Amino acid sequence: MHILYGVADKIATITLNRPEVANAQNGELLDELDAAWARAAADDDVSVIVLRAEGKHFSSGHDLRSGGPLPDKITLDMIYNVESRRYLEYSLRWRNVPKPSIAAVQGRCISGGLLLCWPCDLIVAAEDALFSDPVVLMGIGGVEYHGHTWELGPRKAKEILFTGRPVTAREAEQVGMVNKVVARAELDAQTTALATQIAEMPPFGLRQAKRAVNQTLDIQGFYAAIQSVFDVHQTGHGNALSHAGLPILAHLDEMKQKMQ
């Protein structure tokens, strides 16, 4: 079991529970996480969803060592099918759950970790939180759910992609990606307090408010852009396969270990 789930006082708490690997995301974790989101969405006793993580780090991203031995041949079609479901489709589905959601982020939030917190409506970050997407080093223009421009603004998005450097919690707060920065020891308590305040609001009003904001973003082009840039992302995989084939995975694995 890679996900913990509990409900109390109209708040569903979903916890990433692979602290021994910095909550790296294998397929099983993502499938369990999607099931937990669906469970919270369907529960009439849940008004707010909190996503948090055990351990030092929120998530080090995709687990490049998961899935057992490598197949004899990796194709772009195979990569596209897996990523469109577990990365793009899951993240969009969580974003559109008709209940307010809050991500509580501590430590490292790397690449695929952004696909977990960005779909949430609010983000509370510990002072030590660092958000990064260094996949340009891998010849890819950013992670699958390419929310960078919407979350950070175009120039800051380009800066972190071009350099690979992490964005601090305070920087993220300044550009509006993070709602609140708190001491690490207060992360859970502050997130619960915010969730409790929201849970006192009428559920129908919360749903309508969330829909209004998300619909406005979609009218501005959010949904179309996310879909389009996913295909841009896949050209990075195609380039890697055409130039390096299977050895690229070993290179990515080595790089990932350095980032944790």
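## Pockets, a cavity and helix packing

The second largest pocket has a volume of about 550 Å³, where a pocket is an open set of points on a 1 Å grid over the protein atoms alone, with protein on both sides within 12 Å along at least five of seven lines, and a volume is the space filled by probe spheres set on the points, which are joined across faces, edges and corners. Of the 24 residues lining this second largest pocket, those closest to its centre are Cys120, Asp121, Val213, Asn214 and Leu217; a lining residue has an atom within 4 Å of a point. This is a predicted model, in which local features need pLDDT of at least 70 and side-chain atom pairs count only at pLDDT 80 or more, while totals for chains, interfaces and linings use all residues. Residues are numbered from 1 along each chain as its sequence is written, and side-chain values use heavy atoms, with hydrogens and water left out.

Strand S6 (122-126), helix H4 (148-152) and helix H8 (203-219) each supply at least two residues of the lining of the second largest pocket, and H8 gives the most, with 6 residues. Helices (H or I, at least four residues) and strands (E, at least two) are DSSP runs, numbered from the N terminus.

A search of the whole structure finds 1 cavity of 30 Å³ or more, a cavity being a set of points where a 1.4 Å probe fits but cannot get out. The largest cavity holds about 30 Å³ of space, and its lining consists of Leu114, Trp118, Phe131, Ser132, Leu152, Ile160, Val167 and Met177.

The two linings divide by class as follows, with Ala, Val, Leu, Ile, Met, Phe, Trp, Tyr, Cys and Pro counted as nonpolar, Asp, Glu, Lys and Arg as charged, and the others, Gly among them, as polar.

| Lining | Residues by class |
|---|---|
| Second largest pocket | 17 nonpolar, 3 polar, 4 charged residues |
| Largest cavity | 7 nonpolar, 1 polar, no charged residues |

Helix H1 (residues 27-42) and helix H2 (residues 76-95) pack at an angle of about 20°, with their axes 11 Å apart; axes are lines fitted to C-alpha atoms, for helices over the stretch in contact, and angles run from 0 to 180 degrees between N-to-C directions. H1 and H2 are therefore roughly parallel to each other, a term for angles under 35 degrees. Their contact (heavy atoms within 4.5 Å) includes Leu30 and Trp37 of H1 and Tyr87 and Trp94 of H2.

The axes of H2 and helix H9 (residues 222-243) come within 11 Å and cross at roughly 150°, so H2 and H9 are roughly antiparallel to each other, a term for angles over 145 degrees. Among the residues making this contact are Leu76 and Tyr80 of H2 and Phe222 and Phe230 of H9.

Key. Parallel < 35°, antiparallel > 145°, perpendicular 65-115°, else oblique.
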